[in-house]
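Visitor: Please take one part of this model and look at it closely for me, beginning with the charged side chains and how they pair.

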Amino acid sequence: KKGDTNNFVLTIKRQLQALYSIGVIQSKCDDSKGFGDGTEEAIKEVQELSNIAVDGICGENTIKAIDALIKNNITKNNTTVTKSTTVAELSKLAGV
């Protein structure tokens, strides 16, 4: 949730940044090391796209939604992103 700072938040932010980089979501995560306004907006966009309750909190359903968006073989520049894609690979794709 907003204000959190931990490894989970950083992992979710990397996944959101990858989804942003490949055009799945339009909201860019904030540059903070925690869960800030930009991250909250990106989470809300994922929730809306996935037809789940839009509350800006990254709970179990939102994590599943992020995984589903990744799993759906999202492609950009001939790069396929799947659920088995590592966080390091997502970070490289996202340029972070």
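Guide: Lysine 64 counts as partly exposed because its relative accessibility is 49%, where buried means under 20% relative accessible area, exposed over 50%, and partly exposed in between (1.4 Å probe, protein chains only). Its partner is glutamate 60, which meets lysine 64 in a salt bridge at 3.2 Å, N to O; a salt bridge here is a side-chain nitrogen of Lys or Arg within 4 Å of a carboxyl oxygen of Asp or Glu. This is a predicted model, in which local features need pLDDT of at least 70 and side-chain atom pairs count only at pLDDT 80 or more, while totals for chains, interfaces and linings use all residues. Residues are numbered from 1 along each chain as its sequence is written, and side-chain values use heavy atoms, with hydrogens and water left out.

Glutamate 60 is exposed, since its relative accessible area is 57%. Both partners lie in helix H3 (residues 60-71), four residues apart, about one turn of the helix; helices (H or I, at least four residues) and strands (E, at least two) are DSSP runs, numbered from the N terminus.

By the same rule for salt bridges, the count comes to four. One of them joins aspartate 37 and lysine 2 at 2.3 Å, N to O, and this pair links distant parts of the chain, with aspartate 37 in helix H2 (residues 37-49) and lysine 2 in the segment before helix H1 (7-21), 35 residues apart. Lysine 2 is partly exposed, at 45% relative accessibility, and a network of salt bridges links Lys2, Asp37 and Glu40. Another salt bridge brings together aspartate 30 and lysine 13 at 3.2 Å, N to O; aspartate 30 sits in the loop between H1 and H2 and lysine 13 in helix H1, 17 residues apart, and both residues are buried.

Helix H3, which holds the pair we began with, also packs against H2 at an angle of about 75 degrees, with the axes 9 Å apart; axes are lines fitted to C-alpha atoms, for helices over the stretch in contact, and angles run from 0 to 180 degrees between N-to-C directions. H2 and H3 are therefore roughly perpendicular to each other, a label for angles of 65 to 115 degrees, with those under 35 roughly parallel, over 145 roughly antiparallel and the rest oblique. Ile43, Val46 and Gln47 of H2 make the contact with Thr62, Ala65, Ile66 and Leu69 of H3, contact meaning heavy atoms within 4.5 Å.
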